[in-house]
Amino acid sequence: MRKINLIAIFSLALVASSFAQVSNDTLVLVQGKMLKAADSTPVVGNILYEKLPYYDDMGMTSTKTDGSYEIQLIKGKTYNFLVNKGGFKKYAEEVQINGNQNFNIYIAEDLIELRKLENLIFARGSDQISSSSYQELNDLATWLNENSSIIIQLEGHTDFAGNPDANMRLSEARVVAVQEYLIDQKVKKSRIFTKAFGGTQPVTQDRTDEAKVLNRRVEVRVIRR
């Protein structure tokens, strides 16, 4: 019986020691707002936080409708704050936690007005999309599905060599192929307009093979946010 009591006393001592160690980590309140960088209007979304350098304290909090948030973090430690919200550029910033403090997060909108699909590849003279293009199109579909108010126009271009009517038909077939791919990824057809230009709007007038590649393109134009 005496042996059992000694073991119990030793176990209690270990538990007490463990609690003492935890109590050395002082929790403080970090609060603030997540705001648009352009005009400081509130943003509703999730904030991921992770303690550096070992990521041994991490979690996620959501902002309220006014963009405000509150997190209890360990005083004296450095945390990485991360935001990955559709329609905004990715945000990451290291913050030293010195005590109860205010920290506002300003995230910039991803204002894509016109951009080329850089990795979109078709078979020569065809509207068949190469499988190597799928990732870029999947990323575009994800962005559109996360930002349901955005309407785009897909604009197709060829080089200016060859028959102009054939080039116009080919550029139209290619943007329709991209449109159909996006629809397969659950993007509503009503949000995707198409327009074909054939070879009428070249990036360059050079006639080299490199110049022809530049002129053969599909661009995404945001026509409404």
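Two nonpolar, one polar and four charged residues make up the lining of the largest cavity; here Ala, Val, Leu, Ile, Met, Phe, Trp, Tyr, Cys and Pro count as nonpolar, Asp, Glu, Lys and Arg as charged, and the others, Gly among them, as polar. The model is predicted, so to speak with its own ground rules: local features need pLDDT of at least 70 and side-chain atom pairs count only at pLDDT 80 or more, while totals for chains, interfaces and linings use all residues. Residues are numbered from 1 along each chain as its sequence is written, and side-chain values use heavy atoms, with hydrogens and water left out.

The lining residues are Asp159, Phe160, Ala161, Asp206, Arg207, Lys212 and Asn215. A cavity is a set of points, on a 1 Å grid over the protein atoms alone, where a 1.4 Å probe fits but cannot get out, and lining residues have an atom within 4 Å of a point. Searching the whole structure turns up one cavity of 30 Å³ or more.

Strand 2 runs antiparallel to strand 3 (residues 58-62), with five bridges; strands pair if DSSP finds at least two bridges between them. Asn46 has Ser62 as its bridge partner in strand 3. Strand 2 also pairs with strand 5 (residues 78-83), again antiparallel over five bridges, and there Glu50 partners Asn80.

Methods: On a 1 Å grid over the protein atoms alone, a cavity is a set of points where a 1.4 Å probe fits but cannot get out, and a pocket is an open set with protein on both sides within 12 Å along at least five of seven lines; lining residues have an atom within 4 Å of a point. Grid points are joined across faces, edges and corners, and a volume is the space filled by probe spheres set on the points. Helices (H or I, at least four residues) and strands (E, at least two) are DSSP runs, numbered from the N terminus.
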